[in-house]
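Here are my notes for a colleague who is starting out with structures. Please read them with the structure open beside you.

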Amino acid sequence: MKFLLTALSSLLLIFGCGGNGQESTVAHDIPVLPVDTLQVVLEIGVELGDSTNTFGAITSTLIDQWGRILVLDQVAACIKTYDSRGNYIRQLSRQGNGPGELVMPWDMFMMPDGRLVILDPGKLGFVVFSDSLEYLEEVGLWPQNPPFQVTPISDDQYVAYKIGTDMADDGIVMRRTIALYSWGEEEWDQIFWQDSIVASMNEIAENPSVFIIDLLDPLSLSGNGSDGIYFS
């Protein structure tokens, strides 16, 4: 199977005049790209109201194959489900350490076969529900450095974005990695992309926020559920 990593970038072209006093020339054959205008058709959530329509901190949303809207609330440690018109259906899971409960949910995604998977570092891995939203299993994999983002490519493989740190002679090395994993395995099968950031102990002591800002440098990962993985 081939996997595609696509990085999108912007190129700025500047046309200026020379020193001969001639007017600047501007390219007129630059293609005009089509533009889509988004329109709000549905809003869910109120500032004050009952628990079915209020949220603490939304960290992920998705629409399943039946058109249900799933909203992951990290503060409430649950998933609230709505129909396509925004009508509340039910709450899935709750705060706790028991089977199917959530501790610190970070993200969620849906496998091609319909399983709903919650990435929960507090559970050291994944909490899994069926396509009918019934609890199936917990898969604990990472006591340290769990993924920040995950996107599936098949029923038994996914791509994850992880951040890890190592001590160096003069500081700390932070490595950001996008890699392919098999379901239930802690180690990756293949690395697609990786970089590293080094900060000395003096730099961290003088300005601790520098390392934190680099750590949280925005990186977005997504896929088409089969052979395409995209990150920016």
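1. The accessible surface of the chain comes to about 14400 Å², and carbon and sulfur atoms hold 53% of this surface; such areas come from the Shrake-Rupley method with a 1.4 Å probe, and for residues only the protein chains shown count as cover. This is a predicted model, in which local features need pLDDT of at least 70 and side-chain atom pairs count only at pLDDT 80 or more, while totals for chains, interfaces and linings use all residues. Residues are numbered from 1 along each chain as its sequence is written, and side-chain values use heavy atoms, with hydrogens and water left out.

2. Of the 232 residues in the chain, 36% are buried, where buried means under 20% relative accessible area with a 1.4 Å probe, counting protein chains only.

3. The structure holds 14 aromatic pairs, that is, rings of Phe, Tyr and Trp (its six-membered ring) with centres within 6.5 Å, called stacked if the planes are under 30 degrees apart, edge-to-face if over 60 and tilted for the rest. Phe126 and Trp183 form a stacked pair, 5.3 Å from centre to centre with 10° between the planes. Phe126 is buried at a relative accessible area of 0%, and Trp183 is buried at 19%.

4. The ring centres of Trp142 and Tyr181 lie 6.1 Å apart with the planes at 90°, so this pair is edge-to-face. Trp142 counts as buried at 1% relative accessibility, and Tyr181 also counts as buried at 1%.

5. One aromatic cluster includes Phe126, Trp142, Tyr181 and Trp183 among its members.

Note on methods: Buried < 20%, exposed > 50% of the residue type's maximum accessible area, 1.4 Å probe, protein only.
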